[in-house]
Amino acid sequence: MTTFTPATAEETLAAVQWAVAEESPIEILGHGSKRAIGRPLQTEHVLDLSNLTGITLYEPEELVLSARAGTPLAEIETLLAENGQEFAFEPMDYGPLLGGEPGRGTIGGMMAANLSGPRRIKAGAARDHVLGIHAVSGRGEVFKSGGRVVKNVTGYDLSKAMAGSWGTLAAVTDVTFKVLPRAETEATLVLRGLTEELAAQAMALSMGSSGEVAGAAHLPESVTGRVLDGALKGRGSTLLRLEGFGPSVAYRFDRLAELLTGQGGAERLEADESRRLWREIRDCVPFADGTSRPVWRVSMAPSQGHRMVMALRMQAAVDAFYDWQGGLIWLRMESDPEAALLRRLVSIHGGGHATLVRASPPIRASEAVFEPQPPALAALAARLKQQFDPKGILNPGRMSA
C-alpha cells in the first residue's frame, strides 16, 4: 500500500493524477475520525490530507474563514471562539461514537460529510454555509467553485454538490465558510416526564412560538441518565434551548415556560451546563458506549418520528432519542441492524433517510449504509459521478456497492 501525504494543493493534484494514470483506486483521508462510516473500502493506496493544513484567510469583520482541508476543526473552533464567533450549524464530532478520540475531525471532513448539529433546525448544515472550494476531481483536474464573499454564486454551485459526497467526487484542498457571531449566553428549559408523543407536541408548540428556540430534543427515560454525568437521570427529559443576549433569553424563557405550563415540571439549565448538554446530544454521547452495536441516524418528519419508533420497538430491541424537534432520531440496536425493517417502517411513516453510522465491517459490507436512492435520483448521481470521477478512482464503493 502506498500512502501519499501531500502538503500542498499541487502535491495533491500530482497524487490524484498518478492514481488516474494507473487506474488505481485511492482512499481520501484526513485524520480518519469518520473512516468507519460507509461501506468498507478496498483500495491499495491512501491520499492522506492531514499535512494539508493552515488557515489561509480569516476576516472576523467580514464573517469569512478559509482553511486547507486537513486543518483540525478543533483548532479552527478555538480561533473562532476567541473572536466571539462560531460555525452556526454546530458540526458534530463522530469520534466518540465511533470509538475514537474527540476533536480529531478536519474542516475538509466536515465539508465531505455535510456535518450539522442540534441547531440545524434553525441554521442548516455545512452545505448551507460553504462559500467556496478548491478541489481536484477524479479526472486529475483542478477546479474551484464560489469564492470568499457571501454573494458570489453564478451558475452551478459545485461547493454544495461536494458537501455530503464523502470524498467520492473530488479531493477538496481548500474550503471557505461563512462564520457567525456566537450567542452571548444560553439556557435550556427542561420538561420532565413527558411521553414521546407529548414531547413531540411540546417541541412543535415551542418551535411555532415566538421563543426563537435554537434546539429541541427529547431523551426518553432509558437515555436521559447518559448525559451530564447522570444529572438528568429519572424521568424523560424534553429539552428546549434559547440563545442570545441575557435579558432576551430570560424573557423568552419565562414566556416559553408559561406557554408550556402543565406539560411537565419545568427546570432550567444555565449557560455552561446547557452548552455541555447540547454538545453531548450533538455527538450522540448516549450511544458512545465503546461497542460496535449498530447505530442509525434517521431523518424524517418530526410529527412521525415517535410513531415510527413505537412501531419499531414492537419488533426489535432498540434504544432511541430525538433531536431536531423529533425530525432526527438516533437509534441503537442490540445486535442485528434490522435494516430492512427500519427502512420499511420509515417509508410507511411518511418517508425519510436512514444511515447506518456505526456497525462492524462485515455488516457495513453487506448492508446499504446510506439510504438507497430512487431510480431517477440514482441516475442523476451516477451521471455526476461520471462527470467528476469517470474511472471510479476516489473512495470507490463507500456510498454504494
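Let me begin with Arg-119, which lies in the loop between helix H3, residues 107–112, and helix H4, residues 120–123. Please keep in mind throughout that what we are looking at is a predicted model.

Is Arg-119 buried or exposed? With a relative accessible area of 7%, Arg-119 counts as buried, because the cut-off for that word is under 20%. Leaving aside residues up to four places away in sequence, Arg-119 touches Glu-86, Phe-87, Ala-88, Glu-90, Gly-124, Ala-214, Arg-241 and Glu-243. With Glu-243, one of these neighbours, the side chain of Arg-119 also makes a polar contact of 2.8 Å.

I now turn to the helices, starting with H6, residues 196–207, and H10, residues 302–313, which pack with their axes 9 Å apart and at an angle of about 165 degrees. H6 is therefore roughly antiparallel to H10, and H6 passes H10 in a right-handed crossing. Which residues of H6 and H10 meet? On the H6 side we find Glu-196, Glu-197 and Ala-200, and these meet His-306, Val-309 and Arg-313 in H10. Sorted by class, this contact of H6 with H10 has three charged residues, two nonpolar and one polar.

H10 also crosses helix H11, residues 339–348, at roughly 145 degrees, and the axes of the two come within 10 Å; this crossing, too, is right-handed. Here Met-308, Ala-311 and Leu-312 in H10 meet Leu-341, Leu-342, Leu-345 and Val-346 in H11, and by class the contact has seven nonpolar residues, with no polar and no charged ones.

Technical notes:
Residues are numbered from 1 along each chain as its sequence is written. This is a predicted model: local features need pLDDT of at least 70, side-chain atom pairs count only at pLDDT 80 or more; totals for chains, interfaces and linings use all residues. Side-chain values use heavy atoms; hydrogens and water are left out. Axes are lines fitted to C-alpha atoms, for helices over the stretch in contact, and angles run from 0 to 180 degrees between N-to-C directions. Helices (H or I, at least four residues) and strands (E, at least two) are DSSP runs, numbered from the N terminus. Angles under 35 degrees count as roughly parallel, over 145 as roughly antiparallel, 65 to 115 as roughly perpendicular and the rest as oblique. A crossing is left-handed if the near helix is turned anticlockwise from the far one by less than a right angle, and right-handed if clockwise. Contact means heavy atoms within 4.5 Å. Ala, Val, Leu, Ile, Met, Phe, Trp, Tyr, Cys and Pro count as nonpolar, Asp, Glu, Lys and Arg as charged, and the others, Gly among them, as polar. Buried means under 20% relative accessible area, exposed over 50%, partly exposed in between (1.4 Å probe, protein chains only). A polar contact is a pair of N or O atoms within 3.5 Å; within protein, one must be able to donate a hydrogen and the other to accept it, and residues adjacent in sequence count only if both atoms are side-chain atoms.
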